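Me: I'm new to this one. Can you walk me through a few spots?

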Amino acid sequence: MSFSPKVYLLLRTHNRPDEFRICIKSISKQSVLPEIIIISDDENDAYINEVTLPHQVFRPKYRKPRWWIRHHNPFNDYFNQALELIPDGHFVYYLDDDDALVDLDWIKTILKQNTDFLIGKFQLGESHNNSLIGEEIVRGKIGGSCIAIRSEIARGIKWPLRGAGDFFFIKRVVEKYKPEFISIIAGKVQKDLQHSWGVRKSY
């Protein structure tokens, strides 16, 4: 029996209904649709119930660190938890709710390239002069939404539980796997926001 890999798109969201809807709309325009896993740690984010694309909702558990960690970021661990839902041999792509896909064939491209670690380009907002990241592995010049990675590799390496976790995750991956860079702008930031992952009362 032949095996057909899929792209699992992990989409984190909190308290950003308008941005989330734009993100979902951009995903719906893909020539090949991914398997969408919406990551939400707050049941008050009822807007996710409006999604009509095939998807599943994952409710992560907050894991308090056993010791104090500077810049502790539990939301990186939510990606690690969600990866347990994805079988080996597939691909993982990461988005936040204030992102949007712009290349209509990006999911199709991930499958076509069929490589362990694919890096595309991603456009930042006005405060960063609309610059592109994803051309080199340097802190501030690459992010989680630039990469597509085979599921068993992502699950084995895991995201660090601190700020800038996407860079440190990518850095760990390239220590073992050679990245394939591709000259495609996969997505962009919708607009400049003052805090990642929405406005929260507590973290």
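**Ser40 and beyond**

Reply: Leaving aside neighbours within four places in sequence, Ser40 is in contact (heavy atoms within 4.5 Å) with Thr13, Asp45, Ile48, Phe58, Arg59 and Pro60. This is a predicted model: local features need pLDDT of at least 70, side-chain atom pairs count only at pLDDT 80 or more, and totals for chains, interfaces and linings use all residues. Residues are numbered from 1 along each chain as its sequence is written, and side-chain values use heavy atoms, leaving out hydrogens and water.

Me: Where does Ser40 lie?

Reply: In the loop between strand E2 (35-39) and strand E3 (55-58). Strands are DSSP runs of E, at least two residues; helices are runs of H or I, at least four; both are numbered from the N terminus.

Me: Is Ser40 buried or exposed?

Reply: Buried, with a relative accessible area of 0%. Buried means under 20%, exposed over 50%, partly exposed in between (1.4 Å probe, protein chains only).

Me: OK, helix H5. Which of its residues are buried?

Reply: Gly165, Phe167, Phe168, Phe169, Ile170 and Val173, in a helix spanning residues 165-174.

Me: What covers them?

Reply: The cover includes helices H2 (74-82) and H4 (151-157). Strands E4 (91-96), E6 (117-123) and E8 (147-150) are also part of it.

Me: New topic. How many disulfides are there?

Reply: The search of the whole structure finds 0 (a disulfide being a pair of cysteine sulfur atoms within 2.5 Å).

Me: And Cys23 — buried or exposed?

Reply: Cys23 is buried, at 0% relative accessibility. Cys146 counts as buried too, at 1%.
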